[in-house]
Amino acid sequence: MSFDITSAHTNYTYNINVYVPEVDMPEGGFSVVYVLDGSSYFQFVKEIVRLQSINAAKTEVFPSIIVGVGHGEDMRMRRFYDFTAPAESYVYPEKYRGAFDGQHGGAENFSRFLEEELKPIIQADYPVNTNKQVLFGHSLGGYFALWQLFNAPTSYHKYIAISPSIWWNNHELFQYADTFLDAYSELNAPLFVGVGGLEEFMVDDAQKMAQQLGKAMDTTFYVTPDENHGSVVPTIMSRAFRFVNN
């Protein structure tokens, strides 16, 4: 099923795709995975879950509702706005200088859209287990998944951050992590951090973040060999979705 929703918080229209497994509903409802960059990843995630859940005893991937949150034709620039945190100032890598024109810092409003507008619709219309909600993001979406964890850790029950853009704004997420760890000495919200082995400095960033957060929460870190930023998602999804169900 697909529908559009215009957010009062972000003043933007998102395309939402929903997959519901055609199997008997488990007691309490299906787990639900919210997939950022749904325009790119919804169909792929849906097929991973649909095919592998047929033989869940071996794959350890069980039926789940998949919700893809997609942008429009301006996806490339709009995601820089929705997925990044507000800040008093920004430090840009050389290759991005002059490219944004201030179009970033909308994470607070995007989070409110997910929590206050989208989730209530999904929970009202689909057989969701509200105690089994997962947030998935890649790249800047992975940055947002970590930011959401740091700012509203109980809003999801598990978090998946693939190749998170920890470099954004001079690695500000490490400061968020420090504040988060000061507030939460122990948290039951497992985190999966994955990255491609060819992603150079992003491997070091992801490993450092996973080690830092492992002090307070169940954190899984995985490097998938011989993959780059564009190829890592297909090769890591089976492992990530086993994490969802374990």
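Reader: Hi! Where is Asp 37 found?

Author: Asp 37 is in the loop between β3 (30-36) and α1 (38-52). Do keep in mind that this is a predicted model.

Reader: Thanks. What is phi of Asp 37 near?

Author: Phi is near 55 degrees there, a positive value in a residue other than glycine.

Reader: And is Asp 37 buried or exposed?

Author: Asp 37 counts as buried, because its relative accessibility is 3% and the cut-off for buried is under 20%.

Reader: Which helix does Asn 169 lie in, and what is its phi near?

Author: Asn 169 lies in helix α6. Its phi is near 50 degrees, again a positive value in a residue other than glycine. Asn 169 has 7% relative accessibility, so it counts as buried.

Reader: Nice. Now α3: which of its residues are buried?

Author: Helix α3 covers residues 75-82, and its buried residues are Arg 78, Arg 79, Phe 80 and Asp 82.

Reader: What covers those buried residues of α3?

Author: The cover includes strands β2 (12-19) and β5 (128-138), along with helices α4 (107-125), α5 (140-151) and α6 (168-171).

Reader: Changing topic, where is the place of Ser 64?

Author: Ser 64 is in strand β4, which runs over residues 64-70. With 0% relative accessibility, Ser 64 counts as buried.

Reader: What does the side chain of Ser 64 make a polar contact with?

Author: Its partner is the side chain of Ser 31, at 2.7 Å.

Reader: Which residues does Ser 64 touch, not counting those up to four places away in sequence?

Author: With those sequence neighbours left out, Ser 64 touches Tyr 19, Pro 21, Ser 31, Val 33, Val 49 and Asn 245.

Reader: Let's zoom out. How many helices and strands does the protein have?

Author: There are nine helices and eight strands. The radius of gyration is 17 Å, close to the 18 Å that the globule rule gives for 246 residues, so the protein is as compact as a globular protein of that length. Along the principal axes, the C-alpha atoms fill a box of roughly 50 × 40 × 35 Å.

Reader: What share of the residues is buried?

Author: Buried residues make up 54% of the 246. As for contacts with a separation of 6 or more, 75% are between residues 24 or more positions apart.

Conventions. Residues are numbered from 1 along each chain as its sequence is written. This is a predicted model: local features need pLDDT of at least 70, side-chain atom pairs count only at pLDDT 80 or more; totals for chains, interfaces and linings use all residues. Side-chain values use heavy atoms; hydrogens and water are left out. Helices (H or I, at least four residues) and strands (E, at least two) are DSSP runs, numbered from the N terminus. The radius of gyration is taken over C-alpha atoms; the globule rule is 2.2 Å times the number of residues to the power 0.38. Buried means under 20% relative accessible area, exposed over 50%, partly exposed in between (1.4 Å probe, protein chains only). Contact means heavy atoms within 4.5 Å. A polar contact is a pair of N or O atoms within 3.5 Å; within protein, one must be able to donate a hydrogen and the other to accept it, and residues adjacent in sequence count only if both atoms are side-chain atoms.
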